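These are my notebook entries on one structure, which is shown below.

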Amino acid sequence: MSASSDTHTASSLLPRIGLIPQILIGIAAGLLLATLAPSIAPSVAILGDLFIGALKAVAPVLVFVLVMAAIASHQRGQPTQVRGVLMLYLTGTLAAALIAVAASFLFPTSLIIDAPRADGTPPTGVAEILRNLAMSAVDNPIHALTDANFIGILAWAVGLGLLLRRASDTTRRSLADLSDAVSGLVRWVIRLAPLGIFGLVANTFASTGMSALADYAQLLAVLLGCMAFVALVSNPLIVFLYTRRNPYPLVFTCLRGSAITAFFTRSSAANIPVNMELCKRLDLHADTYSVSIPLGATINMSGAAVTITVMTLAAANTLGIDVDFATALLLCVVSALAACGVSGVAGGSLLLIPMAASLFGISADVAMQVVAIGFVISVIQDSTETALNSSTDVLFTAAACRSPRAQQCLAGE
């Protein structure tokens with residue numbers, strides 16, 4: 001009886017602890033294992049791989065079903081705030097690029113360009129990126145689901161949802177039930193986050209460590225400083241101007257609920273289910289977040305804009321290229337537009353550096369060496385970038401839903 005009572009107490013204690021404290025325990029345990037038994041740590045990597053795999057597998061189905069069900073059940077005349085979210089996405093990305101330019105001028109960084117060329121084929125220009133985005137929208141729906149092409153998934157889900165608004169009540173009720181079932185499955189996956197992050201942390205720090213980052217300390221400091229400034233100053237200021245409320249309670253809620261998991265999964269796409277669940281806990285409108293969150297995982301990339309801008313200007317400084325203010329502003333626009341085309345996967349922003357570097361006449365050979373440096377520091381840079389990108393998706397969605405205009409619409413004014 002005593003053993004049974006102890007088991008029941010332990011199982012009932014975990015929900016009371018809360019998911020975020022459980023994740024922090026998983027991080028601490030992973031660091032401890034990587035420090036004390038680095039030879040054992042890689043064996044628990046399977047936990048992290050399973051967690052990321054489950055998130056990536058469920059995310060496309062979740063987005064497709066949730067968007068289609070939300071639009072099909074949407075009442076005519078009921079306002080959504082997707083347009084406001086898109087405006088916030090664009091403003092935040094441009095602001096991040098401007099901050100990165102200012103930091104690069106204040107703290108000029110030089111690189112040791114002797115790294116091997118990185119693999120990959122970078123796009124040749126912004127026009128190609130925008131063309132790829134447009135082509136993604138008309139992708140085969142089965143192909144879009146299997147390849148996690150969220151632009152294509154959104155396009156098909158919106159189209160079917162609009163047509164299904166004319167369907168019978170039974171059909172729309174079935175869609176809502178399917179949406180609830182998929183959402184429940186997502187909650188099961190998210191409950192595995194502490195174990196998954198434990199495996200990710202243990203494997204990452206046991207195999208990579210921090211010694212490889214020492215040569216790029218200043219570059220990392222500029223990158224991380226810009227991202228911290230965006231997260232704690234720029235984004236809150238944008239939210240305050242849009243909502244006229246103290247933004248920091250919402251900012252810290254988004255950082256706790258989204259940034260921590262995104263930091264370790266290093267994938268905005270994989271973090272979509274986490275963000276959807278956070279939006280639900282924040283009591284936001286499903287009609288808004290079911291579209292804005294997957295769309296943000298594709299086009300809202302303030303962290304990517306910082307990475308592209310800082311590393312491009314570091315390459316220019318290393319080669320002794322003088323960058324005037326007008327060209328720097330052009331780089332901001334190019335970085336912001338390019339960031340919108342970054343795929344929601346680890347390291348997606350790095351292959352856009354050669355395109356931005358071409359503004360200054362930097363050869364592709366040199367630019368790809370800069371990309372290689374980016375992969376060296378990606379264990380910190382890309383993790384922080386993804387955490388900023390993903391948490392900003394929820395922050396701006398919540399800001400749009402809680403703005404004075406949104407509240408007036410809800411009140412019927």
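Is Arg266 buried, partly exposed or exposed? I found a relative accessibility of 22%, so Arg266 counts as partly exposed. I use buried for under 20% relative accessible area, exposed for over 50% and partly exposed for what lies in between, with a 1.4 Å probe and protein chains only.

Basis of the entries. I worked on a predicted model, in which local features need pLDDT of at least 70, side-chain atom pairs count only at pLDDT 80 or more, and totals for chains, interfaces and linings use all residues. Residues are numbered from 1 along each chain as its sequence is written, and side-chain values use heavy atoms, with hydrogens and water left out.

Entry 1, salt bridge across the chain. I count a salt bridge where a side-chain nitrogen of Lys or Arg lies within 4 Å of a carboxyl oxygen of Asp or Glu. The structure holds 5 of them. In one, Arg266 pairs with Asp382, and their closest N and O atoms are 3.4 Å apart. This pair links distant parts of the chain, 116 residues apart: Arg266 sits in the loop between helix 11 (248-265) and helix 12 (272-281), and Asp382 in helix 18. I take helices as DSSP runs (H or I, at least four residues), numbered from the N terminus. Asp382 has 1% relative accessibility and therefore counts as buried.

I found Arg173 bridged to Asp177 at 3.0 Å, N to O, and to Asp180 at 3.9 Å, N to O. Through shared partners, Arg173, Asp177 and Asp180 form one network. Asp177 and Arg173 are 4 residues apart in helix 8 (residues 169-191), so about one helical turn separates them. In general, an α-helix has 3.6 residues a turn, so residues three or four places apart point the same way. I noted relative accessibilities of 46% for Arg173, 41% for Asp177 and 47% for Asp180; each value counts as partly exposed.

I checked the length of helix 17 (residues 364-376): its 13 residues at 1.5 Å a residue should span 18 Å, and its end C-alpha atoms are 19 Å apart, which agrees. The expected span is 1.5 Å times one less than the number of residues. Its buried residues include Val366, Met368, Gln369 and Gly374. Among the elements that cover them, by contact (heavy atoms within 4.5 Å), are helix 10 (217-243), helix 14 (302-318), helix 16 (353-357) and helix 18 (378-401).

Notes: Helix = DSSP H or I, 4+ residues; strand = E, 2+ residues; numbered from the N terminus.
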